[in-house]
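Here is a short report for a first look at the structure. Keep the sequence and the 3D view open while reading.

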Amino acid sequence: MKTRERRWRGVLITATACLVVAALVSFLQYQRNPRRGLPYHDSFSAGKAEEWKAFGGTWELMDGAMRNDSDERGAKLLTGSGRWQNYSVEADVMLLGPGGDAGLVVRSSDEEEGVDAYTGYYAGLRNSDNSLVLGRAGHGWTDVETPFLSDRHTVQAYRWYHLKLLAYGCQLVAAAGLPAEEAVTTLAVKDVDCVLSGRAGLRSYAAGGVWRNVVVRPATLEEATVMLASGHPAKGPESEHQAPDTTTLGTFQAPQSYYRTQTTPSNPNAQPISSLKLSPIARQDKATVRGVVILTSPALFVQDSTGGILVKESTHQPVRVGDEVEATGIARAGDFSATLEDAAVHVLWGGTPMPALSVTASQAATGAFDATFIEVEGRLRHKEYGPGDTLIFDLDSGPQSFRAVMNRGRGDEQYSKVKLDSLLRVRGVSVVDAMYTQNLTPFTLLVRSTDDIVELAGPPWWSVGNLVAMAAAFLLLVLLANFVYHRVENWRLRAIVEEREHLAFEMHDTLAQGFAGIGFQLEAIRTGVPEEHSRMHQQIDLASDLVRHSHAEARRTVDMLRPQQLESEGLLSALTLGARRLVAAGSVAVISTSLGEVQPVPLRISDNLYRIGQEALANAVRHAHPATLNIILEYKKDSVRLLISDDGTGFIPRENLGGFGVLGMRKRAASISARLDISSKPGQGTQVSVTAPLPPRITFFSWPGLLSRFLREHLFNATTGDPPHPHPYRR
Amino acid sequence: MNARSRKSWATQLGASLHLLYFAWAALFLLAGCRKNPQIAIAVVPRTCGDMLWEPEHGGAQKAAFETGARLYWNAPTREDDVDGQIALVERISSENFQGLVLAPDQSRALITPVRRAMQHGLSVVIVGSPLPVPPSDRLSYVLNDEEAGGRLAAQRLGTILHGRGSVAILGIDSDIAGIVLRARSLEQFLATHYPNIHILKMIGSFNLPHEQQVAAETFKANPDLDVVVTLTSTSTVGVVSALASMRPSHRISIIAFDPDSNLGFDSPNLDSVVIEDTRKMGADAVQLIAAKLHGATVPAVTLLEPVLVLRENVNSTQVQQLLSRDWRPEPIQRAWRVPQ
């Protein structure tokens with residue numbers, strides 16, 4: 001039976017291991033699948049973009065599309081898996097200004113902020129030279145380009161185009177056209193040492209852009225061929241002079257300068273922005289300022305090297321963060337900054353957004369940086385959804401507090417992720433106007449996008465919640481350790497008990513049988529020896545007595561080693577049986593009594609009680625010559641008491657009662673934290689009482705008290721029970 | 001499970017754990033036994049993607065191929081994004097790079113990040129404009145010879161003004177030590193050799209509207225100005241823009257330093273340009289680091305003379321090579337095939 005159990009166990013373990021390995025392999029294969037997550041369609045119209053990651057730019061969801069409202073060179077937004085290999089990405093694309101380009105990225109990896117700071121391919125529409133451009137970035141740029149459609153068409157800002165970029169093997173195909181028209185311009189390259197896999201994304205250079213309906217699909221060679229066949233092929237100079245199978249060197253196209261020719265002449269009378277703080281309040285003086293756009297929503301702010309200003313336009317002019325503009329309007333001086341009202345704004349240049357000025361909250365609280373693009377650190381104390389679909393963060397920084405407000409846009413994911421008490425670095429335009437601060441804080445930061453909030457550090461670990469969790473985990477660990485310890489102890493004890501059983505059987509089969517045999521042989525010899533050899537008869541009788549005595553001792557030892565009785569019959573029954581065996585063929589009465597509600601007694605305790613009881617009974621039979629042996633087993637709520645008493649001769653107790661196996665009994669009692677009492681009077685019999693504590697039963701209501709007691713006993717070395725009695729008997 | 005089988009199981013488990021431990025230890029040791037890693041050098045210009053610094057990319061990449069080094073190239077997208085450049089340098093210091101070639105955006109703010117990079121064991125070469133940190137075994141300089149540049153501009157000034165007139169020097173930006181040096185050199189040469197040329201100086205920055213503003217105010221305040229010397233690319237654009245708006249009655253010539261956009265001399269005011277040889281800077285810097293890492297002694301400071309470009313020589317091979325933004329050395333020439 002045991003062999004079969006072992007075999008089944010082995011089969012089960014092997015099957016489980018195989019299942020685990022198979023599951024792991026399947027999971028890894030799934031993770032590495034180059035088509036995992038495809039096809040993909042954006043959720044911009046639903047206001048969701050958690051799966052996209054920005055590298056530069058100010059990306060926001062607006063009107064169901066993704067918008068980069070800055071002229072940063074090489075701003076990227078990426079999604080997907082680095083294992084995507086052969087796929088196409090297509091989208092509707094709109095440029096937000098002249099002199100730059102916007103488009104799509106495939107097979108991107110190693111991304112970081114920077115102009116060409118990624119490895120991958122990019123195709124985009126460029127309005128400075130009306131071209132479709134396709135190239136490879138690897139922290140450097142190489143491309144080819146072709147005129148878009150024909151000379152009749154130009155790449156214009158604020159107009160939708162449909163762009164598709166496909167990568168199959170080492171073949172890259174880009175196609176662009178007007179959404180409503182069939183005609184497309186196509187450009188293709190085969191890159192010999194190509195990038196094989198990477199993420200998909202959106203990118204713009206020196207011009208903002210808007211993207212919608214972004215779709216990523218697995219690509220096939222047929223699809224690439226169809227794309228090539230449907231479009232106007234590239235007419236680069238090399239292709240006209242090369243045989244079809246000839247590999248050529250790509251022509252290097254110098255990147256477009258980001259300092260374009262100024263679109264409109266600038267006003268020579270422009271003033272520094274800070275000078276408008278002193279504008280006369282009695283007159284409505286017109287003023288012209290020149291600066292960089294630092295915020296477009298919820299209001300237009302412009303900043304030059306002397307400070308910033310709120311510009312209230314008379315007619316809305318599409319501008320982007322980073323644009324260098326000239327604004328003319330009526331200057332109104334404020335407490336800390338000025339406002340330009342009824343202003344006309346025109347763009348001088350497109351440019352990259354200016355970096356934020358890093359200040360402390362205390363500095364910003366003075367109002368010295370009103371209407372200026374700054375960066376402040378603070379700890380998040382509160383967050384909430386605000387009016388007008390905004391997100392509001394309340395932060396503390398030393399003695400100051402401030403507020404950060406941003407359009408919800410892509411912010412849902414960050415809003416849910418950022419935890420209270422986190423240390424954040426926030427960039428935005430500082431405003432002290434009560435309209436934004438509600439007079440609750442000295443200043444408010446108007447944040448451009450989620451990319452302007454960076455978590456520097458999470459909340460401190462030592463919070464109430466974490467401490468409680470740690471205490472609970474520690475408690476569980478302690479209980480588990482205790483459980484495991486007791487299980488292991490139980491196994492060990494069982495192993496010992498089984499080993500004893502094995503010894504008992506060995507002794508029974510060898511020693512006991514041997515003695516029996518010797519006894520018979522001696523009896524046979526005695527029968528054969530004539531009666532006149534009395535001395536020989538005496539010696540044989542003595543030998544027979546010795547053999548009988550040794551046989552009895554051997555049987556007794558075997559009985560002591562056999563735990564079967566204890567396990568199969570219970571402690572009281574085993575002791576009673578043992579006692580009856582001891583007094584077999586005699587006239588001693590054995591009376592056994594059970595008192596109290598029977599409780600489960602751990603094997604370790606019952607085994608030791610059994611040994612103590614056996615020794616006490618053996619002593620009584622051997623030395624006290626009793627008429628009656630009483631065995632009482634009393635069960636209490638948290639202890640069990642064994643009382644062995646006899647009506648024999650008794651004895652005068654001595655302090656160091658070491659004989660009669662008492663030392664062994666004391667050791668056994670101590671090993672189970674039991675109290676051993678031996679009382680006796682000459683002529684009045686002997687009582688041996690051992691009281692052992694039972695382990696508590698863990699219930700839902702009892703565990704706190706039990707834990708407290710456990711900790712006191714084990715961690716603080718306190719004892720809750722009575723100390724062991726200095727003398728193991730009482731008068 | 002009896003005592004014997006439990007003991008046997010425990011013994012087997014112990015043996016398995018020992019085996020696993022030794023296997024991990026062997027794997028760990030084997031991982032250390034690999035070929036010598038490639039030298040990794042980070043090159044961080046003031047910004048990238050422009051005519052001034054892409055040649056440095058080309059020079060550095062070519063030298064990297066020749067020395068077997070791996071190159072990392074990146075920079076902030078704006079020349080005045082000092083914090084961005086500092087963050088980049090700090091990140092490079094903490095990663096597995098052996099060398100750093102840096103064109104600092106600000107001569108003081110980069111002192112600590114550069115020192116920390118050296119403490120992390122990187123060999124650093126500063127290119128373009130210096131830091132106020134003396135050269136050492138871990139720090140070398142490959143700089144533009146600003147004194148020579150100032151002298152070239154002053155000599156050209158003397159030629160076009162015939163030794164008499166007024167000149168405004170715009171774009172003096174103390175953020176870049178080299179700019180201050182070239183302004184001083186220019187002023188010193190003029191004072192020594194052309195004392196009849198009157199000098200007006202204005203502070204500048206990399207902020208274009210500011211430069212436009214300063215240029216416009218300068219022209220308004222000095223209607224008789226003959227020549228403007230612009231010390232930075234931003235001040236050049238600002239001056240060109242201001243001149244286009246104001247249309248002064250007489251022609252004001254511009255002598256520009258470090259243009260970063262395509263040079264076509266489209267503006268009729270542009271007389272000449274003084275250009276740094278950033279391509280050679282990049283190549284020399286990478287070669288220096290590779291040599292240092294191989295134990296060679298290298299010069300502490302190398303000065304590279306800039307080139308004066310006139311309308312007459314702008315299309316020469318030397319100047320076109322200097323101005324070319326094609327950063328791709330031969331091994332990276334992309335094998336494109338453009339279908340018919």
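Which residues of helix α4 (residues 111-119) of chain B are buried? They are Ile111(B), Pro113(B), Val114(B), Ala117(B) and Met118(B). Note that this is a predicted model.

## Helix α4 of chain B

The buried residues of α4(B) have several packing partners in chain B. These are α3 (82-94), β3 (99-102), β4 (123-128) and β5 (139-144). The helix lies across three strands, β3, β4 and β5 of chain B. Its direction makes an angle of about 150° with β4(B).

What happens to the backbone just after α4(B)? There, Gly121(B) adopts a positive phi of about 100°.

## The sheet of chain B

Chain B has an open sheet of six strands. Their order is β2-β1-β3-β4-β5-β11, and the pairing is parallel. Two strands stand at the edges: β2 (70-73) and β11 (301-304) of chain B. Each has a single partner strand, so one side of each is left without a neighbour in the sheet. From one strand to the next, the twist averages 15°.

In general, strands of a sheet pair through backbone hydrogen bonds, and the pairing is either parallel or antiparallel. How many bridges join β5(B) and β11(B)? There are four, in the parallel sense. Tyr141(B) has Val301(B) in β11(B) as its bridge partner.

## Chain B as a whole

Chain B holds ten helices and 13 strands. It has 340 residues, and 58% of them count as buried. Take the contacts in chain B with a separation of 6 or more: 72% of them join residues 24 or more positions apart. Chain B exposes about 14900 Å². Carbon and sulfur atoms supply 55% of that area.

Cys48(B) counts as buried, at 4% relative accessibility. Asn269(B) sits in the loop between β9 (253-257) and β10 (270-275) of chain B. Is Asn269(B) buried or exposed? Asn269(B) is buried because its relative accessible area is 14%, and the cut-off for buried is under 20%. Neighbours within four places in sequence aside, Asn269(B) is in contact with Leu243(B), Arg251(B), Ile252(B), Ser253(B) and Ile254(B).

## Chain A as a whole

Now turn to chain A. It has 13 helices and 33 strands. Of its 731 residues, 46% are buried. Among contacts in chain A with a separation of 6 or more, 67% link residues 24 or more positions apart. The accessible surface of chain A comes to about 36400 Å². Carbon and sulfur atoms account for 57% of that surface.

## Nonpolar cores

The largest nonpolar core has 46 residues. Which of them touch the most other members? They are Leu134(A) and Leu202(A). Strand β6 (residues 87-95) of chain A gives this core its largest share, five residues.

Look at the surroundings of Leu134(A). Beyond its neighbours within four places in sequence, its contacts include Tyr122(A), Ala123(A), Asp143(A), Val144(A) and Leu165(A). Leu172(A), Ala174(A), Leu187(A), Ala188(A) and Val189(A) are also in contact with Leu134(A). Another core, of 32 residues, lies apart from the largest one. Its members include Ile631(A), Val662(A), Ile678(A) and Ala692(A).

## The disulfide of chain A

How many disulfides does a search of the whole structure find? It finds one over all chains. The partners are Cys170(A) and Cys194(A), with sulfur atoms 2.0 Å apart. The torsion about their S-S bond is about -55°, so the disulfide is left-handed.

What does the pair tie together? Cys170(A) lies in the loop between β11 (160-168) and β12 (171-177) of chain A. Cys194(A) lies in the loop between β13 (184-190) and β14 (199-205) of chain A. The pair therefore ties together parts that are 24 residues apart in sequence. Cys170(A) is partly exposed, at 22% relative accessible area, whereas Cys194(A) is buried, at 12%. Elsewhere in chain A, Cys18(A) is partly exposed, with a relative accessible area of 47%.

Definitions and conventions:
Residues numbered from 1 in each chain as written. Chains lettered and ligands numbered in written order. Predicted model: local features only at pLDDT ≥ 70, side-chain atom pairs only at ≥ 80, totals over all residues. Heavy atoms only, no water. Buried < 20%, exposed > 50% of the residue type's maximum accessible area, 1.4 Å probe, protein only. Contact = heavy atoms within 4.5 Å. Disulfide = S-S within 2.5 Å. Pairing = 2+ DSSP bridges. Axes fitted to C-alpha atoms, helices over the stretch in contact; angles between N-to-C directions. Areas by Shrake-Rupley, 256 points an atom, 1.4 Å probe, with all protein chains shown as cover. Core = buried A, V, L, I, M, F, W, Y, C linked by side-chain atoms within 4.5 Å.
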